[in-house]
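Here is the note you asked for on this model. Please read it with the structure open beside you.

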Amino acid sequence: MTEIEQVRLDMGSFEVNSYVVHAPGGDLVVDAGAEPEKILAVLQKPVVAILITHGHPDHVGALEDVRRETDAPVYAHPADADGAGVQDYEPLRDEEDLVMAGETFHVLHTPGHSPGSVTFVVGKDQIVGDLILPGSVGRTDLSGASWEEIEVSLRRVMPLWDGSTRLYAGHGPILEAMEELRGNPYLPLGVV
Ligand SMILES: [Zn+2]
Ligand SMILES: [Zn+2]
């Protein structure tokens, strides 16, 4: 049974989340923004891969430290990885299924907050990066960001939600999708 563990990292003026997915056959790290020792401390099994939701510095700042300590391959979307200076990565593709450590990670390319943002669908749960934040969505006032694209992306991830879906966002607590649906004014209506 796969478990997704949140690791809250201190960036000084704000917090960012990394996630460690404890899958049947190993661990995966999703994002590594800072404080690599905190991420490494919650590992239970060998790390089979490091997945990147998007290339902003608060999500990749500790990537090379975690890569060096785990020797795991890095997966990222090319539309963000190149601009973020991520070297030697496996390119993520929309709608692909990554089967790793006995778990399936369905990849959705969900741009808007950044051109190469992706969502990882794990069972009914979703690791959304900064696509959705508590009561909000990712900033669109950054270069390469687009509100129109965020809305298209939301309309792709939301139909997969049901009463058990949890959202693992880049900042803030783990979210219950149905609570977010009721309380988040940025989510389009009538999609779920
Ligand atoms: Zn971001
Ligand atoms: Zn972020």
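1. Basis of the note. This is a predicted model, in which local features need pLDDT of at least 70 and side-chain atom pairs count only at pLDDT 80 or more, whereas totals for chains, interfaces and linings use all residues. Residues are numbered from 1 along each chain as its sequence is written, and chains are lettered from A and ligands numbered from 1 in the order in which they are written.

2. Overall fold. The protein contains six helices and 14 strands, where helices (H or I, at least four residues) and strands (E, at least two) are DSSP runs numbered from the N terminus. Its radius of gyration, taken over C-alpha atoms, is 15 Å, close to the 16 Å that the globule rule gives for 192 residues, so the protein is as compact as a globular protein of that length; the rule itself is 2.2 Å times the number of residues to the power 0.38. Along the principal axes, the C-alpha atoms fill a box of roughly 45 × 35 × 30 Å.

3. Of the 192 residues, 43% are buried, a residue being buried if 20 or more other C-beta atoms lie within 10 Å of its own, exposed if 12 or fewer, and partly exposed in between, with C-beta atoms placed from the backbone. Among contacts (C-beta atoms, placed from the backbone, within 7 Å) with a separation of 6 or more, 53% join residues 24 or more positions apart.

4. Six strands form an open sheet of mixed pairing in the order 1-2-3-4-5-6, two strands being paired if DSSP finds at least two bridges between them. Strand 1 (3–10) and strand 6 (90–91) are the edge strands, each pairing on one side only. Strand 5 (residues 74–76) runs parallel to strand 6 and is joined to it by two bridges, with Ala76 opposite Pro91. Helix 3 (residues 63–70) packs on this sheet, touching strand 3 (26–30), strand 4 (47–51) and strand 5, and its direction makes about 165° with that of strand 4; axes here are lines fitted to C-alpha atoms, for helices over the stretch in contact, and angles run from 0 to 180 degrees between N-to-C directions.

5. Strand 7 pairs with strand 8 (residues 103–109) in the antiparallel sense over four bridges, and in their hairpin, which has two residues between the strands, Ala101 takes a positive phi near 55°. Strand 10 (residues 125–129) and strand 13 (residues 166–169) run parallel and share three bridges, with Gly129 opposite Ala169.

6. Leaving out residues up to four places away in sequence, Ile50 touches Val29, Ala32, Leu63, Val66, Arg67, Ala72 and Val74.

7. Helix 5. Which residues of helix 5 are buried? They are Ile150, Ser153, Leu154 and Val157, and they lie on the same side of helix 5 because they cover an arc of only 105° around the axis, the arc being that of the directions from the helix axis to the C-beta atoms. These buried residues pack against strand 8, strand 9, strand 10 and strand 12 (136–137).

8. Met158. In the loop between helix 5 (147–157) and strand 13, Met158 counts as partly exposed because it has 19 C-beta neighbours inside 10 Å. Beyond its neighbours within four places in sequence, Met158 is in contact with Leu187, Val191 and Val192.

How values were computed: Contact = placed C-beta atoms within 7 Å.
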